[in-house]
Amino acid sequence: MNVELTVNGSTHRLDVEPRTSLADALRDRLRLTGTTLGCEHGVCGSCTVLVDGTAIRSCLVLAVQADGADIRTVEGLAGDGGPHPLQEAFAAEHALQCGFCTPGFLMLLAGALAEEPDLDRDERRMDEVLASNLCRCTGYAGIRRAAARAARRMRGDGAPASP
């Protein structure tokens with residue numbers, strides 16, 4: 001089947017089998033390997049990307065379902081002016097160790113902060129959002145600090161996200 005995906009601002013036309021997941025199309029066909037595959041059951045969140053601005057598990061969505069969608073992967077997170085505030089905050093707050101889950105967390109939080117710019121002001125809500133992705137290394141403390149730091153910076157009421 002032919003699909004057209006706009007990924008990180010570039011349009012791609014792909015011929016895919018109907019059973020091809022969006023994650024596989026991104027990784028295998030477009031070579032965007034920042035989208036990592038962990039469980040392939042939608043549980044871990046490492047494959048999270050933004051589809052039309054909403055964070056989704058790309059292992060659970062078929063490429064044909066994303067036909068015509070605007071997709072943003074971790075490779076498209078940074079802007080022309082340098083790293084995204086989330087990327088800077090993750091580095092500054094030591095919010096990653098092995099890095100496997102990091103792209104999924106970055107995309108989850110990019111979507112969440114776009115929808116809820118004050119997410120850092122509600123600790124319970126922040127915990128709910130972060131609980132949807134799994135990290136086996138960090139204990140989430142650095143991720144939580146990075147999310148709050150980036151939220152403040154994105155709102156313009158905090159220090160820069162770099163040390």
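The sulfur of C47 lies 3.7 Å from the closest cysteine sulfur, which belongs to C59, and this is too far for a bond. A disulfide is a covalent bond between the sulfur atoms of two cysteines. Here, the term requires a pair of cysteine sulfur atoms within 2.5 Å. The structure holds zero disulfides. The model is predicted, so local features need pLDDT of at least 70 and side-chain atom pairs count only at pLDDT 80 or more, while totals for chains, interfaces and linings use all residues. Residues are numbered from 1 along each chain as its sequence is written, and side-chain values use heavy atoms, with hydrogens and water left out.

C47 counts as buried, at 3% relative accessibility. Buried means under 20% relative accessible area, exposed means over 50%, and partly exposed lies in between (1.4 Å probe, protein chains only). For C137, the closest cysteine sulfur is that of C98, 3.8 Å away, again too far for a bond. C137 is partly exposed, at 34% relative accessibility. C98 is exposed, with a relative accessible area of 55%. C98 sits in the loop between α2 (85-92) and α3. Helices are DSSP runs (H or I, at least four residues), as are strands (E, at least two), and they are numbered from the N terminus. C98 and L130 are 32 residues apart in sequence, and their C-alpha atoms are 17 Å apart in space.

Aromatic rings were examined next. A pair of aromatic rings is described by the distance of the centres and the angle of the planes. Rings of Phe, Tyr and Trp (its six-membered ring) pair if their centres lie within 6.5 Å; planes under 30 degrees apart count as stacked, over 60 as edge-to-face and the rest as tilted. The count comes to one aromatic pair. F105 and Y140 form this edge-to-face pair, with 5.9 Å centre to centre and 75° between the planes. F105 lies in helix α3 (residues 102-115), whereas Y140 lies in the loop between α4 (123-130) and α5 (141-155), so the pair ties together parts that are 35 residues apart in sequence. F105 is buried, with a relative accessible area of 0%.

Helix α5 has 15 residues, which should span 21 Å at 1.5 Å a residue; its end C-alpha atoms are 21 Å apart, in agreement. The expected span is 1.5 Å times one less than the number of residues. The buried residues of α5 include G142, I143, A146 and R149. The buried residues of this helix pack against α2, α3 and α4, where contact means heavy atoms within 4.5 Å. G156 follows α5 and has a positive phi, near 85°.

The whole structure has 13 salt bridges. A salt bridge is a side-chain nitrogen of Lys or Arg within 4 Å of a carboxyl oxygen of Asp or Glu. R144 forms one with D127, and the closest N and O atoms are 2.8 Å apart. This pair links distant parts of the chain: R144 is in helix α5 and D127 in helix α4, 17 residues apart. R144 is partly exposed, at 29%, and D127 is partly exposed, at 30%. R125 forms a salt bridge with E116, where the closest N and O atoms are 2.8 Å apart. R125 is partly exposed, at 29%. E116 is partly exposed, at 24%. D157 forms a salt bridge with R155, with 3.5 Å between the closest N and O atoms. A network of salt bridges links D118, D120, R121, R155 and D157.
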